Amino acid sequence: MAFAVEEINRNSALLPGVRLSYRILDSCGRHPWALRGALSLLGGESRSYSDKKFNTKSIPISYLASCPCLSDRRQFPNFFRTIPSDVYQAKTMARLVMHFNWTWVGAVVSGEDYGRLAIQVFQEEIQGSGVCLAFLEKLSRQSIKSDARRAAIAIQRSTAKVILIFCWYTDVGKLFLELIKRNVTDRQFLASEAWSTSSALLQNVALSKLARGVVGVAVRSEIIPGFEHYLHSLHPSRRPGDRFLRELWEQEFGCSPFALEADVKPPSSLSSRSLSSVPPLTTSDTSTTANILAASPADRPPFAAPLPPCSGSETLEGVQSPFTDTSQLRVTYNVYLAVYAAAHALHSLLSCSDGENPLRNNSSACASPHNINSKELLHHLGKVNFTTPQGQEFYFQGADIPAVYDLVNWQTSPEGSLKLVTIGRVKGFDLNFRSEQSVIQWSTGTNQVPISICSESCPPGTRIARRKGEPVCCFDCVRCAEGEFSNQTGSTECKRCPIEFWSNANQTACILRKVDFLSFNETMGIILTTVAVSGVVVTTAVFVVFLSYRQTPVVRANNSELSFLLLLSVKLCFLCSLVFIGRPSVWSCRFQQAAFGISFVLCLSCLQVKTIVVLAAFRSARPGGGAPMKWFGAGQQRGSVCFFTSIQVVICIIWLSLSPPVPQRDLGLKGSKVNLQCAMASVVGFSLVLGYIGLLACICLLLAFMARKLPDNFNEAKFITFSMLIFCAVWVAFVPAYVSSPGKFAVAVEIFAILASSYGLLLCIFAPKCFIILLRPEKNTKKYLMGR
């Protein structure tokens with residue numbers, strides 16, 4: 001402060017014709033004394049110097065009071081400060097936590113407003129950022145031992161590796177000692193400005209292993225040009241009555257400077273334009289120099305040993321002490337700014353021109369150094385805006401100045417001690433590191449940023465599942481369901497793939513669904529194709545056998561022409577099943593259902609006519625019963641087959657003309673494939689086709705059942721009955737199986753029904769005949785067939 005006052009007094013452009021002086025009151029580290037001194041300054045008083053009377057008025061400009069409450073202009077309208085509010089400090093520490101991706105942190109705060117308000121702001125700032133507090137412990141000065149022990153236990157038990165500490169340096173020291181007792185040395189500490197630059201902690205060798213790597217927010221440090229030279233030039237002979245300088249001299253040089261002080265006469269009165277003329281660097285509220293010079297060695301404590309007088313050649317040049325160290329001017333710079341702010345406010349007040357003083361009724365009247373009005377000074381102080389000798393812009397925002405902090409790091413020096421290293425600066429909320437972050441030395445002793453998380457981030461393909469009753473930072477990772485994906489780390493939910501896509505094997509992306517259908521290349525397609533071709537081969541073989549033995553009684557019985565037509569229709573049934581295999585197209589979808597419906601109706605028509613022939617033949621064999629066969633000859637039989645078949649043909653033509661089956665992608669199925677199938681645009685048409693087949697099958701079964709016991713050794717009605725029972729059973733089971741089968745499996749069910757019913761017809765009707773023809777030729781006689 002003294003340096004700044006002298007520098008301003010030498011500046012002819014600032015407060016010309018006016019000299020500043022100062023008055024220092026010592027609180028002696030006691031709250032009542034500090035309160036009494038503050039009230040004395042704020043109350044104001046009238047003093048006379050050099051026959052002139054001066055009214056001293058006070059406006060508080062603090063260099064160290066950082067309580068957020070002091071920013072409230074309604075409660076403290078006349079207060080200013082050159083240190084940022086703790087609100088910005090807490091927000092800066094929150095930004096540091098988020099910057100280094102620490103999501104699981106513990107906090108230890110003082111039990112006073114300093115810690116309570118700081119952690120409140122910190123929690124508001126991290127809200128919604130994914131950062132959680134693992135624990136919160138408070139340290140009270142009244143119970144510091146037990147509180148430090150409890151906080152150390154909480155730190156030891158917690159999985160959080162980063163610990164925030166908003167406490168005074170003395171409390172931090174007690175906490176660190178408790179942690180050392182428990183051998184907890186692997187935690188990364190974040191320091192508030194109350195202890196981030198504490199020389200007492202930095203110089204404590206016992207704490208060096210625990211405290212290394214501390215990253216903290218500190219009051220900004222600046223260089224004050226000329227201040228180092230000013231400190232080195234201080235000497236008791238030039239500043240008599242300066243008790244602090246006297247004690248420093250005794251400590252550094254081991255001699256008493258009283259003889260030097262006695263040779264110096266009291267300073268003369270200050271200029272008549274001075275606002276105050278109390279001698280500089282006075283540490284009491286003594287108003288005259290004579291009282292200060294009256295101090296004698298007798299005033300010293302009785303237990304202090306007498307010191308030899310100083311020679312006068314002692315100098316602070318080259319002395320290494322905290323007093324002469326100007327490398328970290330932090331609070332010192334705040335004092336410097338406060339003095340300059342007051343000086344510029346006075347300069348603005350004293351150099352007003354017309355219209356620049358709205359608080360005066362007579363705007364042309366300017367303030368006088370002899371009569372300073374506090375309200376006017378307050379008005380000008382709030383509008384201060386100047387550039388410091390260091391080239392920095394200074395102004396107030398309400399009671400505060402724009403927040404600027406240093407980022408500091410406690411690093412281990414080659415000698416093993418801790419040193420304070422400035423690693424960056426914070427202006428507002430922008431974290432600006434001076435160099436790469438790799439220069440930061442962390443608690444682990446390396447330049448790798450520590451990890452402090454409750455749960456590992458969920459990898460792509462999974463989502464976060466919150467644990468009930470635990471902080472949001474503690475969670476489990478659940479794999480995304482099929483058809484869902486997450487392509488980012490730490491996803492809170494899985495996204496659904498578009499309808500044309502499906503998730504890959506890892507659920508990390510969506511891939512285009514492959515078109516799936518019953519093909520000839522897959523196992524199911526190969527099996528069904530083999531069975532169908534085998535049916536064609538067997539049917540062809542039977543046809544050849546029948547053709548070769550067409551003149552034998554077994555073949556000629558029950559109309560050999562219908563037998564050959566039946567074999568042809570069964571062969572068509574086997575072949576139509578192959579149409580269902582392969583990639584569906586417009587024509588294949590139309591042809592497969594028509595071929596299926598017409599082939600089976602042809603089969604059933606032949607069987608029905610055969611059954612009718614058996615019944616007609618039996619009735620004709622009775623006395624006077626030849627009429628039925630007369631009216632149901634070969635021509636009528638062929639006509640009946642054509643008639644029954646033509647009805648199905650008409651149904652198929654109408655159906656396929658109005659609303660035929662079409663190829664369609666079935667996107668409703670879950671899976672990585674899209675089923676390509678023939679969709680029934682008209683269920684009515686397909687139902688009519690199946691219904692007509694069912695009707696013929698039922699009629700044929702009824703007729704065959706009626707004729708099953710007719711007296712013949714080779715009654716075909718028996719075999720037709722068995723074949724119809726198998727046919728009906730297959731197609732009754734087909735309906736629910738077809739409806740419930742997804743995708744290509746529905747097609748496979750229909751093919752299976754076709755093949756099963758075709759084999760049933762082939763085996764039940766033709767296998768006994770082939771057995772007699774090939775293996776029992778002695779039974780292939782008319783006599784045997786007639787049962788004689």
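Predicted model: local features only at pLDDT ≥ 70, side-chain atom pairs only at ≥ 80, totals over all residues.

**Cysteines and sheets**

Modeller: Cysteine 69 has a relative accessible area of 37%, so it counts as partly exposed.

Now look at the partner. A disulfide joins cysteine 69 to cysteine 67, with 2.5 Å from S to S. Cysteine 67 is at 24% relative accessibility, so it too counts as partly exposed. The link between cysteine 67 and cysteine 69 is right-handed, with 130° about the S-S bond.

The structure holds eight disulfides. Let us take two others. Cysteine 255 is joined to cysteine 310, with an S to S distance of 1.9 Å. This link is right-handed, at 90° about the S-S bond. The pair ties together distant parts of the chain, 55 residues apart. Cysteine 255 is in the loop between α10 (243–253) and α11 (258–262), while cysteine 310 is in the loop between α12 (289–293) and α13 (331–350).

Next comes the pair of cysteine 480 and cysteine 494, with 1.9 Å from S to S. Here the link is left-handed, with -80° about the S-S bond. This pair, too, links distant parts of the chain, 14 residues apart. Cysteine 480 is in the loop between β16 (475–479) and β17 (484–485). Cysteine 494 is in the loop between β17 and β18 (495–496). Both cysteine 480 and cysteine 494 are buried.

Two further cysteines can be sorted with the cut-off. Cysteine 167 has 0% relative accessible area, so it is buried. Cysteine 770 is at 13%, and it therefore counts as buried.

On to the sheets. Eight strands form an open sheet with mixed pairing, in the order β6-β5-β7-β8-β9-β12-β13-β14. β6 (132–139) and β14 (430–433) stand at the edges. Each has a single partner strand, so one side of each is left without a neighbour in the sheet. On average, neighbouring strands of this sheet are turned by 30° against each other, direction ignored.

Inside that order, pick out one pair. Strand β7 (residues 162–166) and strand β8 (residues 188–191) pair in the parallel sense, over four bridges. Isoleucine 163 stands opposite phenylalanine 189 in β8. Helix α3 (residues 86–99) packs on the sheet and touches several strands, among them β7, β8 and β9 (215–219). The direction of α3 makes about 65° with that of β14. Helix α5 (residues 144–157) also packs on the sheet, touching β5, β6 and β7. The direction of α5 makes about 165° with that of β6.

Another open sheet has three strands, in the order β21-β23-β22, and its pairing is mixed. β21 (514–516) and β22 (662–666) are its edge strands. Each has a single partner strand, so one side of each has no neighbour in the sheet. The twist averages 35° from one strand to the next. β21 pairs with strand β23 (residues 673–679) in the parallel sense, over three bridges. Valine 515 stands opposite valine 674 in β23.

Note on methods: Residues numbered from 1 in each chain as written. Heavy atoms only, no water. Disulfide = S-S within 2.5 Å. Buried < 20%, exposed > 50% of the residue type's maximum accessible area, 1.4 Å probe, protein only. Helix = DSSP H or I, 4+ residues; strand = E, 2+ residues; numbered from the N terminus. Pairing = 2+ DSSP bridges. Axes fitted to C-alpha atoms, helices over the stretch in contact; angles between N-to-C directions. Contact = heavy atoms within 4.5 Å.
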